[in-house]
Amino acid sequence: MNDQAGRRRARRLAIGTVVVLALAGMNGPWLYRFGTEKYHQYQINKPEYKAENGKWEVVEFPEEYRQNTIHAALLRTGKVLLVAGSGNNQDNFDAKKFDTRIWDPVKGTIKKVPTPSDLFCTGHTQLANGNLLIAGGTKRYEKLKGDVTKAGGLMIVHNENPDKPITLPAGTKFTGKENGRTFVSKDSIIVPRAKKNFDKATGKFLGNTPGIYRVYVEAQKSGEKYATGTQDNYRIQGLAGTDARNTYGIAQKLALDKKDFQGIRDSYEFDPVAERYIKVDPMNEARWYPTLTTLSDGKILSVSGLDDIGQLVPGKNEVFDPKTKKWTYLDKVRQFPTYPALFLMQNGKVFYSGSNAGYGPDNVGRDPGVWDVDTNKFTKLPGLSDPGLMETSGTVLLPPAQDEKFMVVGGGGVGESAQSSNKTRIIDLKADDPKFVDGPTLEKGTRYPSSSILPDDTVLVSGGSEDYRGRGDSNILQARLYHPDTNTFEQVADPLVGRNYHSGSLLLPDGRVMFFGSDSLYSDKANTKPGKFEQRIEIYTPPYLYRDSRPSLSGGPQTIERGDSGTFTSQHASTVKKVRLIRPSASTHVTDVDQRSIALDYKVSGDKITVTVPKNKNLVQSGWYMLFVDDDQGTPSKAQWVKVP
């Protein structure tokens, strides 16, 4: 904490202590509590307090518009897309009740949007045309052991025919050759043809490699007696002749074990002007909890997720071409846990911070490093503190983006662990020998922290919980501003609403920050009362918006090419000290790989400000941005929307 923040903290504590002592000597515990709360409200609403600490306000939608918001993205219209899908609610899923809202934070209007699939736990990213690409979601909710009534699991179907693929409809029956039990497929599949193998030197035929396809199967009837305990080969009912000889299934045990969530292949672009979903080509792999990241060539990388049989996608990553609207596999395989934090670097490679949101082995794909997607080379980065507590951590590209410094915040143990980390870790990827070093510590171990970049180059870090999904009423009602220039935290006003699992934040065009979601397991310290999804939105107004005035910004071009300049008008041009181009957020599970703040060179002449966009396409990815100017007090203008083609 810097000296100024320390003095402020001491002053706030001193004031609070005087009040507490005075009230304690009056009329006992009730008046003590009542008076303390009333005084607190008085204090936090004083102009001088807000000018130093900012202010939090709760936005509660009319009941008919409330939903369990899981995903949020700022659209180029200035409105916010709020996506729930089924909202982690099995009843909604069974009823095919999938929700999306569009909220205008300026006008306060809310609109319901038809939602075509269950986009609960989808992936998303901003596209160059201003649309939001959304891919993946939920095909099936998990079933805990004890709730599973029919034995089931993975069937690997083999096709040894090199001349044609085999199509098997949903409902195909597989009968074990040894165990005699019959299982039924849940989906239609196409098993690719076998591959002929030849010796390259001699041309000699070496045999066929069967084509394979995975499908989820279930027993026809409920009960333990229909489960299997060992591997078996399965004949496929309905096939005859050569098809019957060439096509068969192999499965390990098919049991009443827990069944994980299953993903979908569906992909959409959300059009912010038409305010509707537009279906595009589905992914090759079904994915639940995937990350989407823009690559150097403008294509979108889709990584990880649980597939359509509830298993982690085995490193089969793919890219979406915005021009053709098609998905294609990468040549090589690389596996990550779900929702990995992946950021495009200025050299065109991808930085993986180690942050992730859950599913996957604890010993595969969790080391941070730099990934050359073209060659599939992965270079590990050393120095990470609490390396086993990276699940549910947050990662942010510190402003300005040109410095290529990242901060990893908090985190917890793999799965339903009670462990959490109070560490922040900083890495400078421009250093000759990049390695993580510890930044300032958090007051408490923190899972699910939200981090939003502000136009004045600070980062708002808020929320989270000490335990998995806020168990034990462990939500952290604290907020800090991180100052990259001094590597310090500054305490600001405390949020009013706890935020843990299924929460996130994003910067609005007027310089405020919006917080959404939270999905506690329990609502009490004893973990006896079921939690309730937090449907309220909360807005934080930073201290810089409680100063006397803010610089104006108007006019100027709507489009600026990389390397080119654009001129804007400001009545306060002479006071401008920095210009920032900030990419709008697309946030879920405290994973937001889109947000970045780019410093722009500028010149001032009278009431004109001419700004220049950097040339590096990896630094300034194509798309829509918010352009802010900051005055000599650090107060930002309202944003002007600018497109970089």
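Q: Which residues touch the most other members of the largest nonpolar core?
A: In this predicted model, Phe351, Leu581, Ile598, Val620 and Leu627 touch the most other members of that core, which has 35 residues. Two or more residues each come from strand 31 (405–409), strand 42 (576–582), strand 46 (608–612), strand 47 (623–631) and strand 48 (640–644).

Q: With which residues is Val620 in contact, leaving aside its neighbours within four places in sequence?
A: Val620 is in contact with Arg562, Leu581, Ile598, Val613, Pro614, Tyr625 and Val644. Another core, of 34 residues, lies apart from the largest one; among its members are Val80, Leu460, Leu481 and Val513.

Q: What makes Tyr268 and Tyr277 an aromatic pair that is edge-to-face?
A: The ring centres are 6.0 Å apart and the planes stand at 70°. The limits are centres within 6.5 Å and planes over 60 degrees apart, so a pair that meets both is called edge-to-face. The structure holds 25 aromatic pairs.

Q: Why does Tyr268 count as buried?
A: Tyr268 has a relative accessibility of 5%, and buried means under 20%, so the term applies.

Q: Why is the pair of Phe336 and Phe378 said to tie together parts that are apart in sequence?
A: Phe336 lies in the loop between strand 25 (326–329) and strand 26 (342–344), whereas Phe378 belongs to strand 29 (residues 377–380), so the pair links parts that are 42 residues apart in sequence. The pair is edge-to-face, with 6.4 Å between centres and 65° between planes. Phe336 is buried, with a relative accessible area of 3%.

Q: How do you know that the charged end of Arg140 sits over the ring of Tyr216?
A: The charged end of Arg140 is 4.8 Å from the centre of the Tyr216 ring. The distance limit is 6 Å, with a further limit of 35 degrees from the ring normal. Lys112 lies over the face of Tyr65, at 5.7 Å from the ring centre.

Q: Why do strand 41 and strand 45 stand at the edges of their sheet?
A: The sheet is open, with 3 strands in the order 41-46-45 and antiparallel pairing. Strand 41 (565–569) and strand 45 (601–605) each have a single partner strand, so one side of each has no neighbour in the sheet. Neighbouring strands are turned by 20° against each other on average, direction ignored.

Q: What makes strand 45 and strand 46 a pair?
A: They are joined in the antiparallel sense over 5 bridges; at least two are needed, so the strands count as paired. The bridge partner of Lys603 in strand 46 is Thr610.

Key: Residues are numbered from 1 along each chain as its sequence is written. This is a predicted model: local features need pLDDT of at least 70, side-chain atom pairs count only at pLDDT 80 or more; totals for chains, interfaces and linings use all residues. Side-chain values use heavy atoms; hydrogens and water are left out. A nonpolar core is a set of buried Ala, Val, Leu, Ile, Met, Phe, Trp, Tyr and Cys residues joined through side-chain atoms within 4.5 Å. Buried means under 20% relative accessible area, exposed over 50%, partly exposed in between (1.4 Å probe, protein chains only). Helices (H or I, at least four residues) and strands (E, at least two) are DSSP runs, numbered from the N terminus. Contact means heavy atoms within 4.5 Å. Rings of Phe, Tyr and Trp (its six-membered ring) pair if their centres lie within 6.5 Å; planes under 30 degrees apart count as stacked, over 60 as edge-to-face and the rest as tilted. Axes are lines fitted to C-alpha atoms, for helices over the stretch in contact, and angles run from 0 to 180 degrees between N-to-C directions.
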